[in-house]
Amino acid sequence: MLNVQGLNTEYVDGNNVRVRAARDVTFDVPEGKLFTLLGPSGCGKTTTLRSIAGLERPVGGSITVNGVTIFGANSNTFVPPNKRQFGMVFQSYAIWPHMSVFRNCSFPLEVGTKKFSKREIEERVMRVLAAVGLDHVAERDATKMSGGQQQRLALARALVMEPKLLLLDEPLSNLDAKLRDKMRFELKRMQRELRLTTIYVTHDQEEALALSHEIAVMREGRIVQKAPPREIYDLPNSRFVADFVGNTNFIEGTVRGHEPDGHLIVDSPIGAVTVANPVACAVGDKVTLSMRPENLMVYETREAAGAANVFEGKVFTKVFLGETLDFQIKVNEQVVLARVHPAHKTPVGGTIFFSVDPQRCIALRTDAA
Amino acid sequence: MELTSDDAVDLPARRSRRLDSKWLIIGGAVLISSVLALIPLCFLLWQSFFTPQVADVPAAFTFGNYRIAYGSTQTLRTLGNSLRFATGAALVSFFIGTLLAWINERTNTPFRKFFFAITIVPLIIPGILFTISWIFLASPRIGALNVAFKSLFGLSRPLFNIYSMGGMVWVDGLHYSTMAFLLMSAAFRGMDPSLEESSLMSGAGIARTLWRITFRLALPAVVSTLLILFVRALESFEVPALIGLPVKLQVLTSSIYEAINQYPSQIGLASSYSVLLLVITSIGLYLQSRVASGGGKYTTTTGKGFRPREMDIGAWRFVTAGIYVVYFLLIVVLPLAVLIWSSLQKYYRSPSLAAAHHLTLDAYRYIIHLPVLRHAVVNSLVLSFSCATAVMLLSAVICWIVVKTKLPGRWLLDNLASLPLVFPGLVLGLSFMIVGLKVDIGIYGTLWILLLAYITRFLPYGMRYTNTSMIQIHKELEESAAMSCASWSAAFFRIVLPLLKPGLMAGWIYVLIVSVRELSSSILLYSPGSETVSIVIWELWQNGQYVELSALSVMLIFALIVLVSLAQYIGGKFGVKASRH
């Protein structure tokens, strides 16, 4: 439905330096799907979103919606933002403080090219306000709303003109943690129910994993990896993605050889590790192993730990987090983090065993960083 | 609810077919501001190289104006007087203003809030009235203060002589001390007290903290305030004309006025004086903007309100409160009282019990029936209302371009719109007079030329007010309008202007006041039929009709107070409530 091809956007920053904020960004979003641009601040995700919105003018590439070009560097096409009919929720929500809730929401219908009668406007606005649960405060001053209500109002305003595409720029980042969790569910429910094609920008990996059909992880203006959430989490293609999405242990190692079943044997400071996910590498290559803390199974005895990928270490520190217990385990000189059920009682300084399923172990080419 | 409509296919890459109103409005604003700022300046420079055109002798190119202007020791003396006067007045204003600001912001003096509120009142009193009332108070022969002190202490000679450099410095400095007060209050308020507190925590004592931290932090604000006051005093016209001219104490502004007022008018000579004045004010304001922008790193502009540290000064707080009372006495009560007194006389007499038996309202009767007055009031109202409205609309568009767009050359537009700041009112009046005389577009001698001059002169003030509010408008507020399919003009008129309203209203009221007070530009541009109230007062003074003038002054001051309160009431009623953004 949305097709972004080779998008390049530049801007001049405060020090008169040309910043290449988005470089050769290419992706497709099918009808009704939620696509997330994920990355640290300054990675170009917001610039990409603003280019789609028409608030930034890219220098190269093209953007098409349903086969219609809205931006094309070659054909010199640029549809201004107010002709694109996309709904957008801004990070600050951008609620107009001089209008009531209702007026904020009715604004798009009043100024758009399509003319509506007063009754139609009233009907549509109240319907969309009801959908976000704000119909009872329609006449209230927009500035008297709480953070969560402002966020809903911004969403209602974006939805009221029945946009072709919904653009969300870190819509949950200004909310407190509890509310954020709640709004995350609501957003997902609405998006799925209304089958709105949505582009979502966030730096919060949990949000991205929870909401998306597909995630593109960005770094320095480029898309590093593009995949469904599970794949991004389980099979990151680079150290950057593994590090940015979730917590992980990185262990440097050298490839020793291949097993008959295709598994890789890697020598590392914690010992020889069997890795199920083959990467194209030869014996002697430097690799970085990535193991998620929750995939480290912790045992009191070697017998309980089983046979494959078992390591012995000493408990270095223990942090109780309520739902989980974090063990920092020292193996030789390497410290690894294991996230386990709080039932484990091994004391600090005690000997501990842990195992890792080869399937849950990833070898990343070190040079790919 | 079905929100995904099926007509999603009809998204044509529409180009705007008709000429966008955006570019019409922007282009118009750019054009107007450049014409207003540049044309008078060009004509002024041009004129300074030509001889006056008298009857049938055509104007000819000459360096004579500059030779006369800069070839005599008289000019050196005038320049020296100007600099001495401006420096003195700036220091007087600065000292009084800073003292009051410090008392107001940093001490626990009682009734601070009330004092702050009444500092607005002196801003309303026109300069010409303030000067005249101080002449009534401190002139050696008739001055009320002199008479009072003489009879109280049996002095043989008058205590004060207003007709001196000291007198000029005092009156001008005192009048503009409120300006210094407002500027320095802002500086004190912008100072983060935690900067001083961390110095104290580091082990520095109060004195060392004051010297190493407080003073250094305040330095940019101090220098910039002094420069503004200096330039302002240099441009001052009322005080040098009313106090300096009778005793031949010439400064640049009064020389310009004299050059024009002789027969035949030496417009070329006046222009060459003006060029010198322009050079000095330009340098002053350039330095000021450098200092102020360099000082940006010292002030915190997060808009987060600090709680300024208040010093408990113990019993001294009654002294500081006393200072406030004396100040208010000097700047409002005494001037107003002497005007009211003299307005109730048949002919001017110093206050005394004997004279109190002859109070009469004749002067008021005379003024109300003065035929020119009705014109003048209408003219003043029309001028100030249209000027304030035009200035605020124009500056809204210009500020939007400067702050919100990335158009190349927008800094130039900003500078163009602020350029009139270097024009002293008299020089601006002269420039417009030259334009009006040389280019026959039928505006000379009408209200239009006055209006154009006013708009030019006050556009920079409008820009200041609008700029502050414009910066505070988060850019996403406008972008979300664009995403809601609003065209540029819909977004501008329905989002930007309403959000600017508090700033626009405040600026509008300010421009309204200064337009009513305006004298130094009008004095060169008015003709019979286009007098303003300030001009009528000026003419009454020239005719020696002191009691009639006092009556008009009293009425004018009260009318202005009513006007301002009304405007503020309306502004408060229809202003936007404080927003979170």
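**Before starting**

Residues are counted from 1 along each chain as its sequence is written, and chains are lettered from A, with ligands numbered from 1, in the order in which they are written. Because the model is predicted, local features need pLDDT of at least 70 and side-chain atom pairs count only at pLDDT 80 or more, while totals for chains, interfaces and linings use all residues; side-chain values use heavy atoms, with hydrogens and water left out.

**Stop 1: the two domains of chain A**

Colour residues 2–243 of chain A as domain 1 and residues 249–365 as domain 2; such bounds come from an automatic or database domain assignment. The centres of domain 1 and domain 2 of chain A, taken over C-alpha atoms, are 39 Å apart. Ten residues of domain 1 of chain A are in contact (heavy atoms within 4.5 Å) with ten residues of domain 2 of chain A.

How much area do domain 1 and domain 2 of chain A bury between them? The value is about 840 Å², of which 51% is on carbon and sulfur atoms. Buried area is the accessible area, found with a 1.4 Å probe, that two parts lose on being put together, summed over both. Select A:Tyr233, A:Arg239 and A:Ala242 next: they supply 60% of the area that domain 1 of chain A buries against domain 2 of chain A, more than any other three residues.

Two salt bridges are counted between domain 1 and domain 2 of chain A. A salt bridge is a side-chain nitrogen of Lys or Arg within 4 Å of a carboxyl oxygen of Asp or Glu. Display A:Arg360 and A:Asp234, whose side chains meet in a salt bridge at 3.8 Å, N to O.

**Stop 2**

Select strand S17 of chain A, residues 310–320. Strands here are DSSP runs of E with at least two residues, helices are runs of H or I with at least four, and both are numbered from the N terminus. Two strands pair if DSSP finds at least two bridges between them. S17(A) pairs in the antiparallel sense with strand S18 (residues 325–331) of chain A over six bridges, and with strand S20 (residues 351–356) of chain A, also antiparallel, over five bridges. On the S18(A) side, A:Phe320 has A:Leu325 as its bridge partner; on the S20(A) side, A:Glu312 has A:Phe353. Four residues lie between the strands in the hairpin of S17(A) and S18(A), where A:Gly322 takes a positive phi near 95 degrees.

**Stop 3: salt bridges within one helix**

Move to helix H5 (residues 177–194) of chain A. A:Asp181 forms a salt bridge with A:Arg184, with the closest N and O atoms 3.4 Å apart. These two residues are separated by about one helical turn because they are three residues apart in H5 of chain A. A:Arg184 counts as buried at 13% relative accessibility, whereas A:Asp181 is partly exposed at 38%. The cut-offs are under 20% relative accessible area for buried, over 50% for exposed and in between for partly exposed, with a 1.4 Å probe and protein chains only.

A:Glu193 is exposed, at 56%.

**Stop 4: where chain A meets chain B**

Show both chains. The contact takes 54 residues from chain A and 37 residues from chain B, and the chains bury about 3,900 Å² between them, 61% of it on carbon and sulfur atoms. Two salt bridges are counted between chain A and chain B.

Select A:Glu110 and B:Arg494, whose side chains meet in a salt bridge at 2.6 Å, N to O. This pair runs from helix H2 of chain A to helix H23 (residues 488–517) of chain B. Next, select B:Glu479, which forms a salt bridge with A:Arg50, the closest N and O atoms being 2.6 Å apart. A:Arg50, A:Glu56 and B:Glu479 are linked in a network of salt bridges.

**Stop 5**

Leaving out residues up to four places away in sequence, B:Arg232 touches B:Asp172, B:Tyr176 and B:Met179.

Finish at B:Ser565 in helix H26 (residues 546–574) of chain B. B:Ser565 is partly exposed, at 40% relative accessibility. A polar atom of the side chain of B:Ser565 lies 2.5 Å from the backbone oxygen of B:Ile561.

Conventions
Polar contact = N/O pair within 3.5 Å; in protein donor to acceptor, adjacent residues only side chain to side chain.
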